[in-house]
Amino acid sequence: MRPKHHFSDRSRYLAEIVENARQYDQFVVEQVTTARQLYQLNGTIEILSTSPEMPDKLDLASLKATYQQLQNRLQYDCKRKLNNGPKPLKNTVQPPTNLK
């Protein structure tokens, strides 16, 4: 017969695994949210900085500062993976040339 403490040790060990998995899941959600916000903000900055009708009241420097703050939230490995990951295809759909 096994001693009683064996089951409590095993239960504690499994509880720690579950807790670590939950913490990792939360970490992933936070990193994905931050990466998504960076992507969206980058697009906004790009559009507004190239738009001839950019409102005078808009402070582009403030948007860039927010972008930097978001970048600082990303873990190093996440930044590296985002920077080295597959690049989205641009202009892959060509307009038809034989329209009448």
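Mentor: Asp77 is partly exposed, with a relative accessible area of 42%, where partly exposed is the class between buried (under 20% relative accessible area) and exposed (over 50%), computed with a 1.4 Å probe and protein chains only. This is a predicted model, in which local features need pLDDT of at least 70 and side-chain atom pairs count only at pLDDT 80 or more, while totals for chains, interfaces and linings use all residues. Residues are numbered from 1 along each chain as its sequence is written, and side-chain values use heavy atoms, leaving out hydrogens and water.

Asp77 forms a salt bridge with Arg80, their closest N and O atoms being 3.4 Å apart; the term requires a side-chain nitrogen of Lys or Arg within 4 Å of a carboxyl oxygen of Asp or Glu. Side chains of opposite charge can pair when their charged atoms come close. Arg80 is likewise partly exposed, at 38% relative accessibility. Both partners lie in helix α3 (residues 76–84), three residues apart, which is about one turn of the helix; helices (H or I, at least four residues) and strands (E, at least two) are DSSP runs, numbered from the N terminus.

The whole structure holds two salt bridges, and the other one joins Asp9 to Arg12, with closest N and O atoms 3.3 Å apart. Asp9 and Arg12 are also three residues apart, about one turn, but in helix α1. Asp9 counts as partly exposed at 37% relative accessibility, as does Arg12 at 48%.

Helix α1 (residues 4–50) also contains Leu14, which is partly exposed at 43%. Together with Tyr13 and Ile17, Leu14 forms a nonpolar surface patch of about 300 Å² accessible area. Patches take residues with over 30% relative accessible area and no salt bridge, joining like charges within 9 Å and nonpolar side chains (Val, Leu, Ile, Met, Phe, Trp, Tyr) within 5 Å; the areas come from the Shrake-Rupley method with a 1.4 Å probe, and for residues only the protein chains shown count as cover.

As for the overall setting, the protein has three helices and zero strands, running α-α-α from the N terminus.
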